[in-house]
Amino acid sequence: MKYLTPICRTALLGCIAATTLPTLAATEPRGYYATIYAQASRLSSTSFDESGTGELGAGLTAKFDMGFGFGGDIGFRYGNGWAAEVEWNYRRHDLKSLSGSDTAVNDGDFASNILFINGLRRFPSASGGWTPYVGAGIGWVQEIDFDLNSSGTDRAWSKQGKIGLQLIAGAEIPMSKDWRLTADVRMLRLGSVELPAEEGVTGRLSKPNYNPVSVQLGLRRMF
């Protein structure tokens with residue numbers, strides 16, 4: 001996947017920095033920060049089955065357009081190169097096509113609303129310029145839902161409570177004393193998800209995969 005290259009490069013730079021710049025990390029000031037961001041998100045095609053009154057059948061394959069997302073975080077820098085944050089994220093991926101269905105589907109989307117706890121390793125520079133970072137997070141799914149519209153009828157399947165993991169690699173770019181731009185790549189892994197019926201249908205969708213990759217830009221305020 002094309003997004004893996006920048007992640008691997010940034011992670012490698014981070015590992016090198018971890019061994020060569022320990023004193024710089026120790027001089028980073030402690031403090032809180034808050035970020036808001038927007039993202040472009042890619043979700044690979046997935047195969048699954050529908051059982052119930054949706055009349056879609058088994059052996060379905062869904063493909064998605066480029067998605068979008070937004071969210072924010074509140075974090076704390078510990079002054080030693082480490083940071084922790086609480087993040088909220090919403091993603092949506094509109095349906096491009098659904099093949100194998102017994103019923104024509106006009107449109108739909110696959111979306112998620114997730115809360116994360118992230119840990120980050122930051123690598124400040126002597127010049128005070130860009131600060132690369134890598135990290136990982138564990139997420140709790142407030143809701144993930146798959147909506148499909150056929151013949152003017154909306155049908156929805158959803159789930160709560162699933163646990164997911166994400167990997168993070170990016171950089172923080174100074175604008176002023178208190179403001180930063182952030183740019184990073186995030187790989188989210190929820191795996192296959194069993195989705196019970198929520199609206200306009202009974203039964204379930206059997207385990208479509210939800211493993212999006214996003215590129216995001218954010219605005220950060222340091223405190």
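Begin by selecting F110, I144, F146, L190, L195 and Y210: in this predicted model, these residues touch the most other members of the largest nonpolar core, which has 23 residues. Next, colour strand 3 (60-64), strand 5 (82-99), strand 6 (107-122) and strand 7 (131-150), the elements that each give two or more residues to this core. Strand 7 supplies the largest share, 4 residues. In soluble globular proteins, nonpolar side chains tend to be buried together.

Now centre the view on I144. Which residues is I144 in contact with, leaving aside its neighbours within four places in sequence? They are F110, A111, S112, W157, S158, K159, L190, V193, L195 and Y210.

Then select A83, L120, Y133 and I168. These are among the 6 residues of another core, which lies apart from the largest one.

The following stop is the largest pocket. Select E28, P29, G128, T131 and R180, the lining residues that lie nearest its centre. In total, 20 residues line this pocket, and its volume is about 340 Å³. If the lining is coloured by class, 8 residues are nonpolar, 5 polar and 7 charged.

Finally, display the whole chain. It contains 2 helices and 15 strands. Of its 223 residues, 46% are buried. Among contacts with a separation of 6 or more, 70% join residues 24 or more positions apart.

Definitions and conventions:
Residues are numbered from 1 along each chain as its sequence is written. This is a predicted model: local features need pLDDT of at least 70, side-chain atom pairs count only at pLDDT 80 or more; totals for chains, interfaces and linings use all residues. Side-chain values use heavy atoms; hydrogens and water are left out. A nonpolar core is a set of buried Ala, Val, Leu, Ile, Met, Phe, Trp, Tyr and Cys residues joined through side-chain atoms within 4.5 Å. Buried means under 20% relative accessible area, exposed over 50%, partly exposed in between (1.4 Å probe, protein chains only). Contact means heavy atoms within 4.5 Å. On a 1 Å grid over the protein atoms alone, a cavity is a set of points where a 1.4 Å probe fits but cannot get out, and a pocket is an open set with protein on both sides within 12 Å along at least five of seven lines; lining residues have an atom within 4 Å of a point. Grid points are joined across faces, edges and corners, and a volume is the space filled by probe spheres set on the points. Ala, Val, Leu, Ile, Met, Phe, Trp, Tyr, Cys and Pro count as nonpolar, Asp, Glu, Lys and Arg as charged, and the others, Gly among them, as polar.
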